[in-house]
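This briefing concerns the structure shown below. It treats helix packing, nonpolar cores and selected loop positions in turn.

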Amino acid sequence: MEKMRMESVDMTAQSIDKIAAMFPNCITEMLDEERSTPDKKVYKRAVNFELLKQMLSPDVIDGGETYEFTWVGKKTAIVEANKPIRKTLRPCPEESKNWDNTENLYIEGDNLGVLKLMQESYLGKVKMIYIDPPYNTGNDFIYRDEFNMDTNEYEEGIGHLDEEGNRLFKNTDNNGQFHSDWCSMIYSRMMLARNLLTDDGVIFISIDENEVESLTKICNEVFGEENHIGTIIVKSNPRGSMSTSEIASLHEYLLLYSKHRTMASIIGHELSDEMTSEYKFSDENGRYRLLGLRMRGGFWRRSERPNLFFPIYVNPTDCSISLNRSDVYCEEAFPVQPSTMEDGTWRWSKEKVQISARLLIGKQVKRGNSLVWDIYQKDYLERETERRTKAKSIWDEGEINYQNGATEIKTLFGKSGIFDYSKPTYLLKQAMKMIEFYDGNIVLDFFSGSATTAHAVMQLNAEDNGHRKFIMVQLPEPCNENSEAYKVGYKNICEIGKERIRRAGENIKSQNPLTTQNLDIGFRVFKLDDSNMNDVYYAAGDYTQDMLSMMESNIKSDRTDLDLFFGCILDWGLPLSMPYTSETLEGG
């Protein structure tokens, strides 16, 4: 039987294996300082990066300037993302809802560690990621990873610890590494997040002007600039933010990246009532609108696309068209720019006009003091697939106002001030509606906050009979003792998030009792914790058969059978939502 590792996958070792398969001459060895002793030297595989760079370049590399985005701590952030951890996720059925039947997850703990533990069970299995990370405004807390913190900073108490010992750091702008700390924090998490996306998966990231440029550069590097689908401007505050004295900011940004752009399952949005009203004509094939065949923008001049300038002939009796002049098709139409009378181009080639002539009609239009013939395309509303439109680059609907997020929290909890700056579910639903989901697809949010994403997943599933699953990850940041949340009994953000999911799910089912009977409104709770095994000199993978006796009492005394079971689930790369049964055997 294969030995258990009892630690997250070693991403660096896996990457070295892949490089070795392609470039074996670039693999060398170096001293393993952690495992070596004064009496015994232990070596490990490593990559000769200078040789690897040369292998990937057609020119001789001898140093020099390159285009790159870097900061203090970037290399360390990369190392940290790849470094394995000896932690586990402990199940908490008593804090869960519908533990035995749900496929949703709520995980408490530092998201860097959680993302590492998810690398095998959820590798390439997450359809959509949405995150709303700290904006680095100088007043918010960011995750102060261990590699970013020296002893002096710890002793000075720049940040503070939550109940689980996780460190939060108030990154004020007088910190010498104000931007570097934030970039390191987000970079390692983006590296791990990309691994979890399906090949057709996408990630949405909310951000404001403080770090939008840095985040774009980081995502261009991690996901590839060619996979940047776009940046959406979200009109989040119609009245304008007063955070700066010069400009009242009305908007934030929503960055959208894909795992592989050519495979991304982005289908756009449904047509609005205003859009469908444009389809005011009809024939035996259904409702349609008329779109001019003449090119309106881009390379519209004849000199730029001469092959797209040609005559189309119209039958004035039934307005049908042909590429050939005849006694029936006797009226001539050219793509002419009406305001300047310059020769333009058609949108379609001769070949496409020939094949799709049934979709084109001629129509007389007034040009100056004369009537001339122009060509139009019948664009039908009903197609073989659902008619949709491309998502717009500006989202300014009234429902997108972030004040609606606070209203939703107040409605659920019956009190304002429980959670500040919650995103509205409308924003998340608009993002999800852009994506083609299949049954069982996963939506991940590893900066879960008040769990808006979980709320939106359940709401949209209720609306379209979908079967999306959610995974929420949140550090249990303590609530301020003077806050409304603390006064009514919520000690940390996770308690607020879990309660919101409970209340939102029940509310959705009560409003739609006939259509939500099978709606999954439950969630399994897991908490990030140290390994189930006592600390020993040897790692789990170092044990041999003759050393098994040393492991008899190696399990920590506070761990249950369920702890050990889900520790194995993670190690085997199985999903945490999988069903299971437990039995007491005779004599057990």
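Which residues in H10 meet which residues in H14? In this predicted model, Glu408, Ile409, Leu412 and Phe413 of H10 meet Ile496, Glu499, Arg500, Arg503 and Ala504 of H14. The protein has 15 helices and 24 strands, and buried residues make up 48% of its 588 residues. Among contacts between residues at least 6 apart in sequence, 73% join residues at least 24 apart.

**Packing of H10 against H14**

- Helix H10 spans residues 403-413 and packs on H14 at an angle of about 75°, the two axes being 10 Å apart.
- An angle from 65 to 115 degrees counts as roughly perpendicular, and H10 is therefore roughly perpendicular to H14.
- By class, the residues of the contact of H10 with H14 comprise 5 nonpolar, no polar and 4 charged.

**Packing of H12 against H14**

- Helix H12 (residues 452-464) packs with helix H14 (residues 493-511) at an angle of about 15°, and their axes are 9 Å apart.
- Because angles under 35 degrees count as roughly parallel, H12 is described as roughly parallel to H14.
- The crossing of H12 and H14 is right-handed.
- On the H12 side, the contact involves Thr452, Ala454, His455, Met458, Gln459 and Ala462; on the H14 side, it involves Arg500, Ile501, Ala504, Gly505 and Ile508.
- The contact of H12 with H14 has 6 nonpolar, 4 polar and 1 charged residues.

**Burial of H7**

- Helix H7 (residues 212-224) has 10 of its 13 residues buried, so it is largely enclosed by the rest of the structure.
- The buried residues of H7 are Val212, Ser214, Leu215, Thr216, Ile218, Cys219, Asn220, Val222, Phe223 and Gly224.
- The cover over these buried residues includes helix H6 (178-196) and the strands E9 (197-207), E10 (228-234) and E11 (252-258).

**Nonpolar cores**

- The largest nonpolar core has 52 residues, and those with the most contacts inside it are Leu89, Ile129, Met190, Leu444, Phe446, Ile471 and Leu576.
- Helix H6 supplies the largest share of this core, 10 residues.
- A second, separate core of 50 residues includes Met432, Met458, Leu460 and Ile508.
- Leaving aside neighbours within four places in sequence, methionine 190 is in contact with Ile131, Ile203, Ile205, Ile218, Cys219, Val222, Phe223 and Phe446.

**Two loop positions**

- Serine 448 is found in the loop between strand E22 (442-445) and H12.
- With a relative accessible area of 5%, serine 448 is buried.
- Not counting residues up to four places away in sequence, serine 448 touches Tyr106, Met472, Val473 and Gln474.
- Glycine 368 lies in the loop between strand E18 (360-367) and strand E19 (370-380).
- Glycine 368 counts as exposed, at 59% relative accessibility.
- The C-alpha atoms of glycine 368 and proline 338 are separated by 8.2 Å, although the two residues are 30 residues apart along the chain.

Methods: Residues numbered from 1 in each chain as written. Predicted model: local features only at pLDDT ≥ 70, side-chain atom pairs only at ≥ 80, totals over all residues. Heavy atoms only, no water. Axes fitted to C-alpha atoms, helices over the stretch in contact; angles between N-to-C directions. Helix = DSSP H or I, 4+ residues; strand = E, 2+ residues; numbered from the N terminus. Parallel < 35°, antiparallel > 145°, perpendicular 65-115°, else oblique. Left-handed = near helix turned anticlockwise from the far one by under 90°. Contact = heavy atoms within 4.5 Å. Nonpolar A, V, L, I, M, F, W, Y, C, P; charged D, E, K, R; others polar. Buried < 20%, exposed > 50% of the residue type's maximum accessible area, 1.4 Å probe, protein only. Core = buried A, V, L, I, M, F, W, Y, C linked by side-chain atoms within 4.5 Å.
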